[in-house]
Amino acid sequence: MPCPALPDGFDFTDPDLLQHRVPLPEFAELRLAEPVRWIPQSGNVAGFEDEGYWAVTRHADVRYVSTHPEIFSSTLNTAIIRFNEHIARDSIDAQRLILLNMDPPEHTRVRQIVQRGFTPRSIRALEQRLRERATAIVAGARALDGPFDFVTSVACELPLQAIAELIGIPQDDRTKIFDWSNKMIAYDDPEYAVTEEVGARSAAEIIAYAMGMAAERKQCPARDIVSTLVAAEDEGNLNSDEFGFFVLMLAVAGNETTRNAITHGMHAFLTHPEQWELYKRERPATAAEEIVRWAAPVAAFQRTATQDTELGGKTVRKGDRVGLFYASANHDPEVFDRPDDFDVTRDPNPHLGFGGGGPHFCLGKSLAVLEIDLIFNALADAMPHMRLVEDPRRLRSAWINGVKELRVSAGE
């Protein structure tokens, strides 16, 4: 099959493209004809002072890259596939302190510590409180007069509360964390009028807040996850800086991604009413995984080759950036039967919405699945006749598959 002729300048990380759609037709063409494709970039648009990246579109190849950190590094250029042309290199390098952007063995050390907060016991301890919060969130939305924005009234609240409950952020401070995390990822969207500098300041605010929490617990340990992670550094715990960057990661990886999965899931239900009827009737345990497959809330992460290697029949040179496109992998017909169907009974469902395995597989997967299950059960109970009022308004972002507004009605 001949190589697909993408339009000149076509870039899968172009935020103007992603503001309007996920490029599933182009992904499908590449999976068939050229599953690893060089995408040129000019003018330093991504902030890396290079000439582009390799787009990886097949499930098997995304998984291979994800599970071979010795060949494909998260540290060299970070996992973020596109910043902007004005970012300073030292600002990129500073992000290596975030778990997402570490390689083994440092990644292994930090992850072994922070995963103490995500044990099955820890998640079970949150379940009843989060169930009550999900019920209250939906009840509050149902009480609104007329159509409402699902993102702000429903989807954004439970992920924020879950992270705050996990690390013990007081209720009065939680809106600050939400505001800071929004500004961190919104700099590509002119509607928010948020500059790169404002995003950086917001990140610094989160880090400073978390470091303050860590300092308090070192002085006065409590029976909470913060104390578990920081109270005794000489026993293999996090120092204050590491805890600050861990909370920064949670603010995006645990908050923004789950919020967008919930929003995309609601839109999928409302545009596939037969699936909403099935869900309300049967409440399948497989629904949350299908919602994440369908949503692919992270459009792409990247790795950087540490050596010359071959991938998908192409020679990837040392130093080349490699883009992992999760929506494409999650629609690969070599892996999924009827991949373009939204099917909440899909089983098995080896999607890569939580990463492609390997060291960076999502630490909070079980918490995210719990949140999705709780919120949709609450919605099915309290607002079974929901209707879509307007098409979603998508976030302009190079790597978050986000929705900033989804207007719906309770339908009653």
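Phenylalanine 72 is buried, with a relative accessible area of 1%; buried means under 20%, exposed over 50% and partly exposed in between, using a 1.4 Å probe and protein chains only. Tyrosine 64 counts as partly exposed because its relative accessibility is 30%.

This is a predicted model: local features need pLDDT of at least 70, side-chain atom pairs count only at pLDDT 80 or more, and totals for chains, interfaces and linings use all residues. Residues are numbered from 1 along each chain as its sequence is written, and side-chain values use heavy atoms, without hydrogens or water.

Now the aromatic rings. The whole structure holds 18 aromatic pairs. Rings of Phe, Tyr and Trp (its six-membered ring) pair if their centres lie within 6.5 Å; planes under 30 degrees apart are stacked, over 60 edge-to-face, and the rest tilted. Helices (H or I, at least four residues) and strands (E, at least two) are DSSP runs, numbered from the N terminus. Both tyrosine 53 and phenylalanine 325 are buried. Tyrosine 64 and phenylalanine 72 form an edge-to-face pair, with 6.4 Å between centres and 80° between planes.

Ring pairs also join Phe269, Trp276, Tyr279, Trp294, Phe342 and Phe376 into a cluster. Trp276 and Tyr279 are among the buried residues of helix 13 (residues 273-282), along with Gln275, Leu278 and Lys280. The buried residues of helix 13 pack against helix 12 (240-271), helix 14 and helix 16 (365-382). Just after helix 13, arginine 283 takes a positive phi of about 45°.

Next comes helix 14. Helix 14 and helix 16 pack at about 105°, with axes 9 Å apart. Axes are lines fitted to C-alpha atoms, for helices over the stretch in contact, and angles run from 0 to 180 degrees between N-to-C directions. The angle makes helix 14 roughly perpendicular (65 to 115 degrees) to helix 16. Ala288, Glu289, Ile291 and Val292 in helix 14 meet Lys365, Val369, Ile372, Asp373 and Phe376 in helix 16; contact means heavy atoms within 4.5 Å.

Glutamate 289 sits in helix 14 (residues 287-295). Beyond residues up to four places away in sequence, glutamate 289 touches Asn349, His351, Phe354, Lys365 and Val369.

Key:
Angles under 35 degrees count as roughly parallel, over 145 as roughly antiparallel, 65 to 115 as roughly perpendicular and the rest as oblique.
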